[in-house]
Amino acid sequence: MFTIDGVCLEAISACVPKNTIQNLPIAERLFGEKASKIVKSLGIPERRVCKNKNTSSLDLCMVAAEELFKDNTIDKNDIGAIIFVTMSPEYLMPNNATLVQEKLSLSKNIPAYDINLACSGYPFGLWNASMIAKTTGKKVLLLDGEKQSHITSDTDRSTSLIFSDAGTATIVSPSNNTQKWIFNFRTDGSKHEAIVIKDGGSKNWLDENSLIKREVVEGSLLAPTHIQMDGMGVLAFVSATVPESIKELLNSNDISVDDVDNLLLHQANKFSIKQISKSLKIDLEKTPIVIHKYGNTSSASIPLNICDTFKGEFENKNILMSGFGAGLSVGNAYINTQNCRCLGVIEYDF
């Protein structure tokens, strides 16, 4: 458990591709007459996917970041660090955060680093950003985005209806806020193969077979460079771990569910969101769901949810958030938003 005060969310924005993919035709090809039922169960009738294969997670997040600085409310000279949460970077080297420093003409006298996490990543990013803002007295630019369409097989029954693309940008600033931000985390590396990309790392480097699709499980064709997911294994981990870890955060800090204004969950699928909300006894009216608009955008789903749900209305709320996924890992945070400028969702023709 980790706590920190004297920080705030100053501003947040998000970007998604204009291009929309309908899931039903894909589901009909993969599942036949069960297609409608499966799409309804997932709660993902459509997804936002980049039509340009050369668009990157950096491109998506840069649009969101530039929106934060557009009206000169935030001085670039006040940015003391850049953190980029992504598992789909522009290059293996250098990291995305370093490229942001150059593209935004930010100070060269700042740290800039990536956090390689998938769906659980936003609370981890907030935790890192809050510690830097608190200790340095400088604002932190936190970017969180994924371009998953290029690493998802359209012939994989486990992933083809789920993953999509998005980028977000958040400013975490030092403030006189005395309300503590509280974080806790769970990591279980023994279950790492539940969500994995086999090729592309230094253990299994790319070769002539890396882009060849093969039947990994019955009815699904995917290459070693695609996301491979054991959906039932992930669901079992989420059901057993996420509500328990959130309850631990609340109970250890004497926080009642009545104190929670909104529960912001990673938008994995509609079933998991409803299950966790019910387990915590938090009304679904307090648990905004946006997966039906965008699909599963990995760790960007929480800040994207904020931008979709609270545009211009994100002041002085007690927010409980939870991201969960690859690792397998969980990141939870309880924060107060104070006076955050929420700039909404930008649709861009990527």
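Me: Two strands pair if DSSP finds at least two bridges between them. Which residue in strand 7 is the bridge partner of F84?

Reply: In strand 7, F84 has L143 as its bridge partner. Strands (E, at least two residues) and helices (H or I, at least four) are DSSP runs, numbered from the N terminus. The model is predicted, so local features need pLDDT of at least 70 and side-chain atom pairs count only at pLDDT 80 or more, while totals for chains, interfaces and linings use all residues. Residues are numbered from 1 along each chain as its sequence is written, and side-chain values use heavy atoms, with hydrogens and water left out.

Me: What is the strand order in the open sheet of six strands?

Reply: The order is 6-5-7-8-2-17, and the pairing is mixed. Strand 6 (112-115) and strand 17 (341-348) are the edge strands, each pairing on one side only. On average, neighbouring strands in this sheet are turned by 15° against each other, direction ignored; axes are lines fitted to C-alpha atoms, for helices over the stretch in contact, and angles run from 0 to 180 degrees between N-to-C directions. Strand 5 (residues 79-85) and strand 7 (residues 139-147) run parallel and are joined by six bridges.

Me: Which strands of this sheet does helix 3 touch?

Reply: With contact meaning heavy atoms within 4.5 Å, helix 3 packs on the sheet against strand 2 (7-17), strand 5, strand 7, strand 8 (165-174) and strand 17, its direction making about 40° with that of strand 8. Helix 4 also packs there, touching strand 5, strand 6 and strand 7, at about 135° to the direction of strand 5.

Me: Why are helix 3 and helix 4 described as oblique to each other?

Reply: Angles under 35 degrees count as roughly parallel, over 145 as roughly antiparallel, 65 to 115 as roughly perpendicular and the rest as oblique. The axes of helix 3 (residues 57-69) and helix 4 (residues 96-103) cross at roughly 45° and come within 11 Å; the two helices are therefore oblique. At their contact, S57, L58 and M62 of helix 3 meet N96, L99, V100 and K103 of helix 4.

Me: In what order do the strands of the five-stranded open sheet lie?

Reply: They lie in the order 1-9-16-15-14, with mixed pairing. Helix 9 (residues 301-309) lies across strand 14 and strand 15, at about 135° to strand 14.
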